[in-house]
Amino acid sequence: MARPKVVLLPSATSSETLKILTLPHPRTKTPSKFVIHPTSGLHELTAVSTPSSQPKSWLITSEVSTDGSTEWINEGQLISEGTLYITTPFDPLFLLIPLLLLENTKKQLSSYLPLHDLLDSLDLLEPDTDFSALTASGSITRTHISRRLQSICDSVDAGGEPAYRVSQEKVLKLLAKKCVTMAEHLPSSLEEEYVKKPLVRPVTEVTLATSKTATVEVKTEAKAEVKEEVTERMDVSMTGVTEVTAKIEEAKIAEIETQVTTQQTTDPVILQLLRLRVSFNFLSSLYLPVHITALLQVHLSTLHDFTKLDSYVEELKKLRTDAAAARQGDFSMKRQNMDEEIDGRAEKKRKLEEEEKKKAKNVSRGVKELSKVNTRGMAKITGFFKKKA
């Protein structure tokens, strides 16, 4: 018996009306699961798994409401597998394009065929899969596929019946349109991670000037702390003060960078070009074979000039490299100066201790014994030589 799974289905759908198919993935050709919905057509089945370090499970049960309160029915089911399966609408063109535009053009269908003959020829290309279920007569997916095929094919009149042949130009035009549409509606998470963050300019001159002020303040505080610690535990405190000072400086400079970078703006043209590139990378890495990805990349380059974006990205790389080198040198110099300062103080303490030891050697035994006597409450000898009132 198959283990139960948790699946998010399209709204108002019974699992009994769905049909699960095994079809070749459009990019990798590996067997993948798809779902045919009775009204909305083909859906992709995607698994959202939890990391192995954080295993999860599902508790499935019913609920009833009595007098406004909710009570859980005791009879339920525990599913050890915490994976969630989601069905999302899928354009059947992504399955058809790799079959129509082959890497080896000699094996590609080159003649015009009526629509039903074209669909039958596609079935023969994938005999070991459920592809024939997509093109079954009267199915909702056959209607969708027929309509979508007409958008990427050239057509001629063959004895009163239209005949179709795939057009590479129309395929690339349609895929480019998908990239543009996706670029205009990128989710906020992708926008933040792949568009805004890569275009943040590193703070150089402004940060350098402001960080010097922060460094002076940190050094002043550090000196006071070091001076106090030297009198107590010189050999323990110096390394800790150095590390704490460096961490405070790093935190202050990072805060300054954040404040400055939030005020910067990027050219809208560069932003839009990067959104388009992100959309292309996302689409091609998931649903397009390598040879079609290369064709689409060339086609997009003819429609959009990415030179401005490439130049800006290269400029940012150079600025980040220079800023990182300058910051590393600045921290190294500060650490070196602090180490020298600590070494100097340690040397002074060592000399002071040596002088105290030399003085102690020249003191007689009687004086040493007298120094141990408790003189608390005794009058000082100088008090006997004061004038009487």
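A: Begin with a strand pair. Strand 4 (residues 41-48) and strand 7 (residues 84-89) pair in the antiparallel sense, over six bridges. Strands are DSSP runs of E with at least two residues, helices are runs of H or I with at least four, and both are numbered from the N terminus. Two strands pair if DSSP finds at least two bridges between them.

Q: What kind of model is this, and how are residues numbered?
A: This is a predicted model: local features need pLDDT of at least 70, side-chain atom pairs count only at pLDDT 80 or more, and totals for chains, interfaces and linings use all residues. Residues are numbered from 1 along each chain as its sequence is written, and side-chain values use heavy atoms, with hydrogens and water left out.

Q: How do strands of a sheet pair?
A: Backbone hydrogen bonds do the pairing, and the sense is either parallel or antiparallel. Now take single residues. Ala47 has Tyr85 of strand 7 as its bridge partner. Glu44 has Thr88 as its bridge partner in strand 7.

Q: Which residue is the bridge partner of Phe34 in strand 4?
A: It is Glu44. Strand 3 and strand 4 pair in the antiparallel sense over four bridges. They form a hairpin, with three residues between them.

Q: In what order do the five strands form the open sheet?
A: The order is 1-7-4-3-2, and the pairing is mixed. The edge strands are strand 1 (6-8) and strand 2 (19-24), and each pairs on one side only. On average, neighbouring strands of this sheet are turned by 35° against each other, direction ignored. Such angles run from 0 to 180 degrees between N-to-C directions, with axes as lines fitted to C-alpha atoms, for helices over the stretch in contact.

Q: Is Ser32 buried or exposed?
A: Ser32 counts as buried, at 15% relative accessibility. Buried means under 20% relative accessible area, exposed over 50%, and partly exposed in between (1.4 Å probe, protein chains only). Ser32 lies in strand 3 (residues 31-37). A polar atom of the Ser32 side chain lies 3.2 Å from the backbone oxygen of Thr30.

Q: Why is helix 1 largely enclosed by the rest of the structure?
A: Count its buried residues. Helix 1 (residues 93-100) is largely enclosed because eight of its eight residues are buried. Among them are Leu93, Phe94 and Pro98.

Q: Which residues make the nonpolar surface patch of about 320 Å²?
A: Leu370, Val373 and Met378 make it. Patches take residues with over 30% relative accessible area and no salt bridge; like charges are joined within 9 Å, nonpolar side chains (Val, Leu, Ile, Met, Phe, Trp, Tyr) within 5 Å. The areas come from the Shrake-Rupley method with a 1.4 Å probe; for residues, only the protein chains shown count as cover. Leu370 is found in helix 11 (residues 365-371). Leu370 is exposed, with a relative accessible area of 63%.

Q: How many salt bridges does a search of the whole structure find?
A: The search finds 14. A salt bridge is a side-chain nitrogen of Lys or Arg within 4 Å of a carboxyl oxygen of Asp or Glu. One of these pairs is Glu81 with Lys5, the closest N and O atoms being 3.2 Å apart. This pair links distant parts of the chain, 76 residues apart: Glu81 is in the loop between strand 6 (69-79) and strand 7, and Lys5 is in the segment before strand 1. Glu81 is partly exposed at 22% relative accessible area. Lys5 is partly exposed at 45%.

Q: What parts does the salt bridge of Asp267 and Lys308 tie together?
A: Their side chains meet at 2.5 Å, N to O. Asp267 lies in the loop between helix 7 (205-261) and helix 8 (268-287), and Lys308 lies in helix 10 (residues 307-361), so the pair ties together parts that are 41 residues apart in sequence. Asp267 is partly exposed, at 28%. Lys308 is partly exposed, at 42%.

Q: Why are Lys318 and Asp322 separated by about one helical turn?
A: Because they are four residues apart in helix 10. Lys318 is exposed, at 55% relative accessible area. Asp322 is partly exposed, at 40%. Elsewhere, salt bridges that share partners join Asp91, Arg148 and Lys178 into one network.

Methods:
Polar contact = N/O pair within 3.5 Å; in protein donor to acceptor, adjacent residues only side chain to side chain.
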